[in-house]
Amino acid sequence: QVQLVESGGGLVQPGGSLRLSCVASGITFSSYAMGWYRQAPGKQREAVATITTSGTTNYADSVKGRFTISRDNAKNTEYLQMNSLKPEDTAVYSCNAYYSDSRWGGYWGQGTQVTVSS
């Protein structure tokens, strides 16, 4: 079975940092582009960052310079390093495995809650 499991979320103060992880199983990890999405209450889900099979990254304007997406194919794991966190970053963060050249939405994890508050 295909499974994506996120971890690393939690409560952090503004200006703090968190590192999210997404471990994939049941897929050939290196064949998929990976992404992080987030959804806050009352708002649409938005793409935070993506990374292709070759390592090309893309970031939402709101997180550029603060977040870094990476992947370790040997560990079937995608990471999101989040620095200088703001209250506006509060959301459920989900990982996504997909094919860059198709309209298929891919596989999704259950999500992990990130709360930035003093």
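Helices (H or I, at least four residues) and strands (E, at least two) are DSSP runs, numbered from the N terminus. What you are looking at is a predicted model, where local features need pLDDT of at least 70 and side-chain atom pairs count only at pLDDT 80 or more, while totals for chains, interfaces and linings use all residues. Residues are numbered from 1 along each chain as its sequence is written, and side-chain values use heavy atoms, with hydrogens and water left out.

**The disulfide**

- A disulfide here is a pair of cysteine sulfur atoms within 2.5 Å, and by this rule the count comes to one.
- The pair is C22 and C95, with their sulfur atoms 2.0 Å apart.
- C22 sits in strand β3 (residues 18–25) and C95 in strand β9 (residues 91–98), so the link ties together parts that are 73 residues apart in sequence.
- The link of C22 and C95 is right-handed, with 50 degrees about the S-S bond.
- Are these two cysteines, C22 and C95, buried or exposed? Both C22 and C95 are buried, where buried means under 20% relative accessible area, exposed over 50%, and partly exposed in between (1.4 Å probe, protein chains only).

**Partners of β3**

- Two strands count as paired if DSSP finds at least two bridges between them.
- On one count, β3 is joined to β1 by five bridges, and the two run antiparallel.
- In that pairing, L4 stands opposite A24 in β3.
- β3 is also joined to strand β8 (residues 77–82), this time by six bridges, and again the strands run antiparallel.
- Here S21 faces Y79 in β8 as its opposite number.

**Partners of β9**

- How much of β9 is covered? Mostly, it is: seven of its eight residues are buried.
- Strand β4 (residues 33–39) pairs with β9 in the antiparallel sense over seven bridges.
- Within that pairing, G35 has N96 in β9 as its bridge partner.
- Three bridges join β9 to strand β11 (residues 112–116), also antiparallel.
- The bridge partner of Y93 in β11 is T112.
- Strand β10 (residues 107–108) pairs with β9 over two bridges, in the antiparallel sense.
- In this case A97 stands opposite Y107 in β10.

**G9 and its surroundings**

- G9 is partly exposed, because its relative accessible area is 32%.
- Leaving aside residues up to four places away in sequence, G9 touches L20, T112, Q113 and V114, with contact meaning heavy atoms within 4.5 Å.
- G9 and Y98 are 89 residues apart along the chain, and their C-alpha atoms are separated by 22 Å.

**The loop between β7 and β8**

- N73 lies in the loop between β7 (67–72) and β8.
- N73 is partly exposed, because its relative accessible area is 33%.
- Not counting residues up to four places away in sequence, N73 touches F29 and S30.
- N76 is not a glycine, yet it has a positive phi of about 50 degrees.
- With a relative accessible area of 25%, N76 is partly exposed.

**The loop between β8 and β9**

- S84 is found in the loop between β8 and β9.
- S84 has a positive phi of about 50 degrees although it is not a glycine.
- S84 counts as partly exposed, because its relative accessibility is 41%.

**The largest pocket**

- A pocket is an open set of points on a 1 Å grid over the protein atoms alone, where a 1.4 Å probe fits, with protein on both sides within 12 Å along at least five of seven lines; lining residues have an atom within 4 Å of a point.
- About 190 Å³ of space lies in the largest pocket, a volume being the space filled by probe spheres set on the points, which are joined across faces, edges and corners.
- Which residues lie nearest the centre of the largest pocket? They are R38, K43, E46, E88 and D89, out of 13 lining residues.
- The lining divides into two nonpolar, four polar and seven charged residues.

Conventions: Nonpolar A, V, L, I, M, F, W, Y, C, P; charged D, E, K, R; others polar.
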